[in-house]
Amino acid sequence: MELGKKEDVLAKVKDELKDKFEGHYAKGDHRLYLNVKKEAIRNCIRLLFESMKARLSTISAVDLGDRFEVVYHLTFDEFNLVVNVKCSTPKIEAKIDSVTGIVEGASWIEREIKDLFGIEFVGHPNPERLILPDEWPGDWTGGEYPLRKRR
Amino acid sequence: MGLLRWSRRKSPWIFHFGSASCNNCDIELIDALTPRYDVERFGILLKGSIRHADLLVVTGAINRLGAPRLRRIYEQMPKPKLVMAVGSCATTTGIFDGSYSIAGPVDRVIPVDVYVPGCPPRPEAIIDGVVKALAKL
Amino acid sequence: MSWLDVAVALLNTLVFPGFLFLFNAGFFFSWVDRKLLARFQERVGPPVFQPWADFFKLLSKEIIIARTAFKATFILAPLISLIAVMLVPLMLPIVTPTPQFTFIGDLIVIVYLLILPALAAMIGGSASGNPYGSIGSSREMMLLTSYELPFIIAVFTVALKAGSLRIVDLVQYQSSNGFLFLTGSGFIAFLVMLLSLQAKLSVPPFDIPDAKTEIIAGPYTEYSGALLALFKLSHAMLLFVLPWFLCTLFFGGVLVDFSSTIRLFVTSAASVLKLLILLIAMSLIRCINPRARIDQALRFFWLHLTIIASVGFGLAVVGW
Amino acid sequence: MPEVVLPIGPYHPALTEPEFFQVYVSGEEIVDAKVRIGYNHRGIEWLAQRKTIHQVPFLVERICGICSNAHPMCFCQSVEEAGDIVVPDRARHIRTLIAELERIHSHLLWAGIASHLIGYDTLFMYFWRHREPICELLDLITGNRQHYAINCIGGVRRDIDLEKYGSKILGVLKSLTPAVLRLGDAVVKDRVVKARMEGVGILSTDNARKYCVVGPTARGSGIGIDVRKNEPYAAYRDVGVDVKVFTECDVMARTLVRVHETLESAEIVRRTMDAMPNGPIKAELNGFPTGEGVGKVEAPRGEDIHYVRLNGTDKPERLKIRAPTYMNLGSIVPQLVGYTIADAPLIIGAVDPCMCCTDRIALVDVRKGRKLVLSLGELAQKTRKNRNPIR
């Protein structure tokens, strides 16, 4: 039954995103990793959060050298499934659509990622600094964004 | 002067400055107030205002922008003042050593009278630290 | 006025029942209060010398006056508070039934003097230039306006019952007619006063002006050293004066009968016991209650307690 | 009345940890609030990428002292998932046991702090008095009162000698249950406490979903999510969990959730001890795993989630930590608005904010460039400059 649910989710996302969907893989019964194009991220989150009643657990950003990968972790509590939606953005002009308009709880997470990685979330209602000081980086010599890898 | 020294030793009021810490030292400090340890036996009270304090207890490593704040709190404390650094982070920055946000242990920022190591130090150790601090008066 | 009168007046003001006596009695009572609280909370509690140690330590500390503070008012506030409390014993009978000063209306003077410590805290808090001090002061003000009404109604209930505004007459009335506490209106007035006193002392459930977890130390936030020590001293003295005041109003006063050894012993023991029982009652209320919110406290005092106090007054009018 | 700003924190007696809440008040009523997190920043994610995966459990343990079992357990689970490591049964049960004892101590701690926040120090003392035996128990079986250092990748580091300590654990639990019931009554039945807690800090079910809150905050708002039930990790599938949900959405509901959970945790500890299997406590590890994994644990404050990406070296490529308070504290603004200043510490406290969890990353000084304005009536017009010692 759980497996069925996982495949249901997958089918629905594929249906909605069509050519914006780039692939998927599953790890065990409870983890689903989806790759989507970054233009489709709002659609994808709206589908999962609003229509399918998933809960946004968190958003992670990963520095992959030349690009960033942003991973949205959504949890389906009723049938024990974590859907990890991945999309990537180039490091130069790192921009991605904000999902705060859909999920209020994403506001802080996006502001934190902006502080630490310098990814801009387009359409965030309140893109102020959340956790870094206004005068950052101060005397910190590791670049403007602490979690970006240094080349 | 005998009366003054006696009264100071018998009535140390504490102000707690919780810096970038994992909270454990803070909890153990509060734990010392509760029935098992009950430091009010020794006249120790936790005060909300730095103006009332005799002993500044700092827990946790000091992060960069916490440092000027701590310095200012230290300056606002009425003399004679004592400072106690509680926990590994406050004494040495502990496991957070090297992080970009840590300015250093407490003694980089303000003079420290007593160090209480431990992660976290037990309430007994904290009480012992207070006793050692008072011996400096 | 002869030299002897002056000497007696000085002795009364400075030694007994004035400063020196009040100083020690107040600290002893504040120790009892703290110890009781600790025992209720299953702790050991402070040793008996603790309040003295706190006081002398604070005297020896540096006094910091903030740049933004109004210096004169900031320094005067604790003095006003202390002097107000120190004047009360000169009008309350202790040991002998006649105090230093007695005149018609001294009851009202005492009521006024007991307002002053709260007023001083307000002045000091707003003069300190600290936001928490100001917010504490404004809360103190709101609380003061609310608890004074039932308090004064209760005082007048007692005065009406005994038919006099002179404290000596109250005591005499009680020694011939029995404790006022035992009458219907007296009992209600006592309860109303007991609850108002919690607010006067600013202890739970009405420690709203200096609520530690909300506004640091309220009006006292900026005070340090000797000035804070004076506030602590006046608070400790209040802790003795208020039960004493209650005792005088409702339990026949703190009097000692010197006519025989046994009577001397019994009456002095009874006096101390009366004061301690009142203190324990106050500590108990303090220990079993959380802090009320300011709006809840206002509603409680304006509505519930004022109605109860008025009922008591009504009973006194019809002679119960 | 003009809108004024009242600061709560960052160094405030209501919060043992540094945090800054900027509360906009009109009179006594709160009209808006802003939270700046970051005073507790230590850069743990940054540090984690510079430590080996066997060191990281001890680093993430120090994210927070109160949930110091949840974070390492969560990290270990994420690594185990990435590397397909199967944890032995006994280790799973030991993890459960420690996690539940930790939950009891955390909830009692919270209840004490909440009582303290409403000025009920007697109750605070009682709660902490009954918390003390739990700390001692943890000291006895793990070697430390707070940082237990029990988790490692593939299992646990220490075995528990149940024959030796079993009766002691049961003894503590036996005296705990009636005490919690009695103290819970003292909270629920006291009129003044009720007046302070009921109908305060409402977070509607809709808002709770929008802000994605977790843990007791969600369960007090009618959302029955609990990782222990929804995604049974460790030994929860074997021992079972009873999840209580309250729909009142206020501070009282969150309190009741925690009281019930404390009792339930005691039951789980008993069941875990009964079910404790024999066998090894640690899986054999071969090299360093590769891949990505998501670890989820129900910490005392709610769902804790770690996302780890490993590249076969000894150091994790990326570790993302999302502590429960991060989501819960985000919902504080709709909870605060409409209530009074006196309620604010309690509402903030009722979320059980664990700032050290929330603030793994950042540091902030909001003081610069901000003028503090607080004028409550005429009195405060004298307040010109922000020179408060506490902040």
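Helices (H or I, at least four residues) and strands (E, at least two) are taken here as DSSP runs, numbered from the N terminus. The model is a predicted one, in which local features need pLDDT of at least 70 and side-chain atom pairs count only at pLDDT 80 or more, while totals for chains, interfaces and linings use all residues. Residues are numbered from 1 along each chain as its sequence is written, and chains are lettered from A in the order in which they are written.

**Exercise 1.** Work out which order the elements of chain A follow from the N terminus on, and how its radius of gyration stands against the globule rule.

*Solution.* Begin with the inventory, which for chain A is three helices and seven strands. Reading from the N terminus on, these elements run α-β-β-α-β-β-β-β-α-β. Finally, the C-alpha trace of chain A spans about 55 × 30 × 25 Å along its principal axes.

**Exercise 2.** Describe chain B by its elements and by the share of its residues that are buried.

*Solution.* Chain B has five helices and seven strands, and along the sequence they follow the pattern α-β-α-β-β-β-α-β-α-β-β-α. A residue is called buried if 20 or more other C-beta atoms, placed from the backbone, lie within 10 Å of its own, exposed if 12 or fewer do, and partly exposed in between. By that rule, 65% of the 137 residues in chain B are buried.

**Exercise 3.** Determine how many residues of chain D are in contact with chain B, and which helix supplies the largest share.

*Solution.* Two residues are in contact if their C-beta atoms, placed from the backbone, lie within 7 Å. Under this criterion, 33 residues of chain D are in contact with 35 residues of chain B. On the side of chain D that touches chain B, α1 (44-48), α2 (56-61) and α5 (121-142) each supply at least two residues, and the largest share, four residues, comes from α5(D).

**Exercise 4.** Find how far helix α10 of chain C reaches and how many of its residues are buried.

*Solution.* Helix α10 (residues 225-250) of chain C has 26 residues and reaches 38 Å from its first C-alpha to its last. Of the 26 residues of α10(C), 25 are buried, so the helix is largely enclosed by the rest of the structure.

Notes:
The expected span of a helix is 1.5 Å times one less than its number of residues. The radius of gyration is taken over C-alpha atoms; the globule rule is 2.2 Å times the number of residues to the power 0.38.
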